[in-house]
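Please read this briefing with the sequence and the model side by side.

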Amino acid sequence: MNYLGLHASVRQFGDGPAHHGRITKRGRSDARHLLVEAAWQTVRSPGPLRAFYERIKARRGAHVGAVAVARKLAVLIWHMLSKEEDYAWGRPTLLGRKMRKMELAAGAEARRGQRGTAYDYNHPALRRADRAVVEHDEQVWQRRSMFWL
């Protein structure tokens, strides 16, 4: 996270205790800005990252919580890219719709009359069920984070 400047500064002199301060802000300010903006959008929808944000916000405030989520997003992105894995807490119907939209924008031919993964997003019942799973995961994370306080 040194590249993004999202890590906490640490000052320690001799054998004394280490002092952990604010983020260093050394590194790419535009990337840091985009990650914080993505964090604000992330905490608006249910999931484990919103549960993490709520825990930090209760102790340190909303802006510190958003920066903490931005750092967590950067770590998640790095792990997903290095291990070539998908995000485990994603919503399948929403992901299918977004992927199909990107395919069409990239020039894929339209499949008229065929139901693909993006079709599920058009049904409110399936969308609600998808969101309920993510909300349940968020509640599990909130209960788990009660032990960390």
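Does tyrosine 53 count as buried or exposed? Tyrosine 53 counts as buried, because its relative accessibility is 6%, and the cut-off for buried is under 20%. The model is predicted, and the points below are grouped by topic.

**Helix H2**
- Helix H2 covers residues 48-60, which makes 13 residues.
- At 1.5 Å a residue H2 should span 18 Å, and this agrees with its end C-alpha atoms, which are 18 Å apart.
- The buried residues of H2 are Pro48, Leu49, Ala51, Phe52, Tyr53, Arg55 and Ile56.
- Glycine 61 follows H2 and has a positive phi, near 115°.

- The structure has 1 aromatic pair.
- This pair is formed by tryptophan 40 and tyrosine 53, and its geometry is edge-to-face, with 6.1 Å centre to centre and 70° between the planes.
- Tryptophan 40 belongs to helix H1 and tyrosine 53 to helix H2, so the pair ties together parts that are 13 residues apart in sequence.
- Tryptophan 40 has a relative accessible area of 27%, so this residue is partly exposed.
- Phenylalanine 52 has the charged end of lysine 72 over its ring, 4.5 Å from the ring centre.

**Arginine 26**
- Arginine 26 is in the loop between strand E2 (19-23) and helix H1 (29-42).
- Arginine 26 counts as exposed because its relative accessibility is 65%, and the cut-off for exposed is over 50%.
- From C-alpha to C-alpha, arginine 26 and leucine 6 are 8.1 Å apart in space, while in sequence they are 20 residues apart.

How values were computed. Residues numbered from 1 in each chain as written. Predicted model: local features only at pLDDT ≥ 70, side-chain atom pairs only at ≥ 80, totals over all residues. Heavy atoms only, no water. Helix = DSSP H or I, 4+ residues; strand = E, 2+ residues; numbered from the N terminus. Buried < 20%, exposed > 50% of the residue type's maximum accessible area, 1.4 Å probe, protein only. Expected span 1.5 Å × (residues − 1). Phe/Tyr/Trp six-rings, centres within 6.5 Å; stacked < 30°, edge-to-face > 60°. Lys NZ or Arg CZ within 6 Å of the ring centre and 35° of its normal.
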